[in-house]
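Student: Could you take one part of this chain and go through it closely, setting it against the chain as a whole?

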Amino acid sequence: MSEIYVMKMAERLDDSLFFLLQNFISLEKKLRIQNLCNTPHRTGILVGDLLIQYILCNHLKLERDEIFFGKKRYGKPFVKNKNSVHFNLSHSGKYIFLGLDHHPIGVDIEKIEERNYLGIAKLYFHIDEYNYLMNLANPKEQKIAFFRLWVMKESYLKAGGYGFHYPVNTLNVLKEKECHIKNGLGFNDYQFFVKEFIDSYVAGVYSHKKEKVQLTEIQFNEVVQFFI
């Protein structure tokens with residue numbers, strides 16, 4: 001089963017709590033947070049790391065110090081001592097989105113907001129995807145379609161662990177069966193799952209067809225209490 005966890009973060013973490021929770025993340029993550037000025041992004045990195053630990057400890061029935069993380073070639077994290085477990089994380093705005101599976105999995109969540117999305121699509125989308133957007137007359141429909149395509153592309157690339165190291169404008173998620181990363185992980189038996197949230201968010205999952213997608217909401221306080 002593809003287990004998908006969605007967590008809504010607190011609007012703002014108290015400074016003392018933020019400082020305390022940093023004791024439960026790696027030195028690398030601490031330094032990354034310290035180098036960021038964007039408060040929501042810093043919070044997303046911190047809370048996202050805590051959510052991963054919380055879910056893995058409960059799923060694997062292990063203590064925190066029994067889980068060892070590593071990184072693949074392009075930086076995708078994995079559990080060193082549990083090869084049968086794959087996970088992927090994304091955060092945007094007030095949401096954290098985590099996917100857990102026995103097969104490689106990719107997830108992405110984005111806030112539907114005003115951006116130069118046609119300009120972005122022209123640079124990063126396949127020509128068929130860009131033309132599809134341009135043929136949508138309704139601006140609202142066009143914007144939502146852009147974000148739906150974006151989370152599909154992101155989740156696809158994250159499943160393979162490539163991210164934007166791969167030329168994303170060569171991928172056409174409008175034709176799912178033609179989406180195969182060259183010289184990498186084959187996705188012959190994979191599928192997309194896209195969900196829109198009521199408060200202007202859209203999320204995408206790319207996972208194995210054999211696995212049913214199960215969506216679970218996690219409370220922020222539940223994760224915090226696990227650590228303190």
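Tutor: Helices (H or I, at least four residues) and strands (E, at least two) are DSSP runs, numbered from the N terminus, and by that count the chain holds seven helices and nine strands. The model is predicted, so local features need pLDDT of at least 70 and side-chain atom pairs count only at pLDDT 80 or more, whereas totals for chains, interfaces and linings use all residues. Residues are numbered from 1 along each chain as its sequence is written, and side-chain values use heavy atoms, with hydrogens and water left out.

The part to look at is strand 8, residues 201-208. Eight of its eight residues are buried, so strand 8 is largely enclosed by the rest of the structure; buried here means under 20% relative accessible area, with a 1.4 Å probe and protein chains only. Across the chain, buried residues make up 48% of the 228 residues.

Strand 8 has pairing partners, where two strands pair if DSSP finds at least two bridges between them. Strand 6, residues 106-111, runs antiparallel to strand 8 and is joined to it by six bridges, including the one in which Lys111 is partnered with Tyr201 of strand 8. Strand 7, residues 190-197, also pairs with strand 8 in the antiparallel sense, over eight bridges, and Phe192 has Tyr206 of strand 8 as its bridge partner.

Residues 24 or more positions apart account for 61% of the chain's contacts with a separation of 6 or more, a contact being heavy atoms within 4.5 Å.

Methods
Buried means under 20% relative accessible area, exposed over 50%, partly exposed in between (1.4 Å probe, protein chains only).
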